[in-house]
Amino acid sequence: MHDSVSARDLNTLLDEVRAFVREVCVPLERHLLAHNYATLEARLADVRAEAQAAGLWNLYHSAEHGGPGLSLPDFARISE
């Protein structure tokens, strides 16, 4: 079992996830509401790449699989 990240690291990660969602994901909602999902697919691929580059992808995966290996309680907190 992977050890939980420190509370400070988790709070920093939580701030980063919140900022990413607010600045990158939420603005896509307007486009989705005005168009359809198919018109957004290419942009979503870019957003996924941005999330991966920022270390905000697969947060529950271990480092060997590309993530920080958050524990279930830590991942639950981020996922809220």
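Colleague: Which residues are in contact with leucine 56, leaving aside its neighbours within four places in sequence?
Modeller: Leucine 56 is in contact with Leu13, Glu16, Val17, Phe20 and Ala51, where contact denotes heavy atoms within 4.5 Å. The model is predicted, so that local features need pLDDT of at least 70 and side-chain atom pairs pLDDT 80 or more, while totals for chains, interfaces and linings use all residues. Residues are numbered from 1 along each chain as its sequence is written, and side-chain values use heavy atoms, with hydrogens and water left out.

Colleague: What makes a set of residues a nonpolar core?
Modeller: The members must be buried Ala, Val, Leu, Ile, Met, Phe, Trp, Tyr or Cys residues, joined through side-chain atoms within 4.5 Å. Buried means under 20% relative accessible area, exposed over 50%, and partly exposed in between, for a 1.4 Å probe and protein chains only. The largest such core here has 15 residues, of which Leu13, Val17, Phe20, Leu56, Leu59 and Ile78 touch the most other members. Helix H1 (7-34) and helix H2 (41-53) each supply at least two of its residues, and the largest share, 7 residues, comes from H1. Helices are DSSP runs of H or I with at least four residues, numbered from the N terminus.

Colleague: Why are H1 and H2 called roughly antiparallel?
Modeller: Their axes cross at roughly 175° and come within 11 Å. Axes are lines fitted to C-alpha atoms over the stretch in contact, with angles from 0 to 180 degrees between N-to-C directions. Angles over 145 degrees count as roughly antiparallel; H1 and H2 are therefore roughly antiparallel to each other.

Colleague: Which residues of H1 and H2 meet?
Modeller: Phe20, Val24, Cys25 and Leu28 in H1 meet Arg43, Leu44, Val47, Glu50 and Ala51 in H2.

Colleague: What makes the side chains of arginine 43 and glutamate 50 a salt bridge?
Modeller: A salt bridge requires a side-chain nitrogen of Lys or Arg within 4 Å of a carboxyl oxygen of Asp or Glu. Arginine 43 and glutamate 50 lie at 2.9 Å, N to O, and therefore meet that criterion. The structure holds 2 salt bridges; glutamate 23 and arginine 22 form one of them, with the closest N and O atoms 3.9 Å apart.

Colleague: Why does glutamate 50 count as partly exposed?
Modeller: Glutamate 50 has 31% relative accessibility and so counts as partly exposed. Arginine 43, with a relative accessible area of 30%, is also partly exposed, whereas glutamate 23 and arginine 22 are exposed.

Conventions
Parallel < 35°, antiparallel > 145°, perpendicular 65-115°, else oblique.
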